[in-house]
Amino acid sequence: ATPTALLAGTGRASQLGILIKGPQILEDTRHVDTILLDKTGTVTTGRLAVDTVTALNGRTSAEVLALAGAVEAGSEHPIAKAVVEAARAAGPVPVLADFHSAAGGGVRGTAAYDGGALLTLVAGRTGWLEENGIAPSTAEQAAFKGQQDGGATAIWLAVDGEAAGIVSLRDTVKDSSADAISRLKELGLRPVLLTGDNAAVADRVAAAVGIAAEDVHADVLPADKVAAVRQLQAAGRTVAMVGDGVNDAAALAQADLGIAMGSGTDVAIEAADITVMGSDLHQVVQAIELSRRTLGTIK
Ligand code: ADP
Ligand code: MG
């Protein structure tokens, strides 16, 4: 396509709420044959809700929810927002003292419960607990796995080095995702689901939107999202990646075409070639259709 046509294409795109970093990027879309989709916030709404709270080691579920809410108050993650919301709805949430978060892992901080001593709180995935020297018992791990197998996104809460509870959350697939993904397939793109969440949840979401079971990558740490992109590229694929989170930024940069959802974080938008302003995957379809039309590869 001529520079003028490309420029006109980016202009058209911006009217549709699709921001393209430069005319040349439209050319990059030409060979894309694989589209990696982040699950949380991209395929699903990312607005999770707390489903059940399991108390362990003599704690009460009120205590577990309040303390989980306290430590998650420092995080912007969709899981954190849901936990804080549920905790606040249930009662007073202890004030968080120091705070640390690990992308794709969890959070750590200190807070006191009900006027008691300062407690060390760790919340997140099993690997994050292990990194903090906490080892849930076999029975506790079975309870955790039971929640995951039931299709929930489960996180641990540990207090002073010991498992204290499990918080199970549920997310919903966006109404538009299945249709948008079937259109991406019509455009010749193979959809692949990429998530840090567990396999049971990932498989359920993939089945709901028409992504093949073999194209589901679950339990992927943020650093491994980049590796997943590289692996597909090494296999000769030209990869577009759609994401919205801080933990997606490196993979968006590594992809041949990085697409950020506008509802996402600034870091993701910064790393991407294209930003769609809404939160609907149909805009990703539009972006790809538009570039192909601009390049004259479809009518
Ligand atoms: P996704 O790929 O679905 O966007 P992330 O990479 O952000 O997921 O997170 C992967 C996993 O890490 C989550 O499913 C959760 O188990 C854990 N995790 C990440 N952030 C937090 C947090 N703030 N609190 C608890 N757990 C977290
Ligand atoms: Mg995400």
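Two residues are in contact here if their C-beta atoms, placed from the backbone, lie within 7 Å. With that criterion in hand, this briefing on a predicted model turns to the meeting of its two assigned domains, where twelve residues of domain 1 are in contact with seven residues of domain 2.

**Overall fold**

- The protein contains 13 helices and 13 strands, and its radius of gyration of 21 Å is close to the 19 Å that the globule rule gives for 299 residues, so the protein is as compact as a globular protein of that length.
- Among contacts in the protein with a separation of 6 or more, 58% are accounted for by residues 24 or more positions apart.

**Domains and the side of domain 1 that touches domain 2**

- The domain assignment divides the protein into domain 1, given as 3–45 + 173–294, and domain 2, given as 49–170, and the C-alpha centres of domain 1 and domain 2 lie 31 Å apart.
- On the side of domain 1 that touches domain 2, the elements giving two or more residues are helix 3 (39–43) and helix 9 (199–209), and the largest share, three residues, comes from helix 9.
- By residue class, that side of domain 1 is made up of five nonpolar, five polar and two charged residues.

**Strand 8 and its partners**

- Strand 8, which covers residues 162–170, is mostly covered, since seven of its nine residues are buried.
- Strand 3 (residues 49–55) pairs with strand 8 in the antiparallel sense over six bridges, and within this arrangement V50 stands opposite L169 in strand 8.
- Strand 7 (residues 153–159) also runs antiparallel to strand 8, to which seven bridges join it, and here L157 stands opposite G165 in strand 8.
- Strand 7 and strand 8 together form a hairpin with two residues between them, and in the turn D160 has a positive phi of about 50°.

Conventions
Residues are numbered from 1 along each chain as its sequence is written. Chains are lettered from A and ligands numbered from 1 in the order in which they are written. This is a predicted model: local features need pLDDT of at least 70, side-chain atom pairs count only at pLDDT 80 or more; totals for chains, interfaces and linings use all residues. Helices (H or I, at least four residues) and strands (E, at least two) are DSSP runs, numbered from the N terminus. The radius of gyration is taken over C-alpha atoms; the globule rule is 2.2 Å times the number of residues to the power 0.38. Domain bounds come from an automatic or database domain assignment. Ala, Val, Leu, Ile, Met, Phe, Trp, Tyr, Cys and Pro count as nonpolar, Asp, Glu, Lys and Arg as charged, and the others, Gly among them, as polar. A residue is buried if 20 or more other C-beta atoms lie within 10 Å of its own, exposed if 12 or fewer, and partly exposed in between; C-beta atoms are placed from the backbone. Two strands pair if DSSP finds at least two bridges between them.
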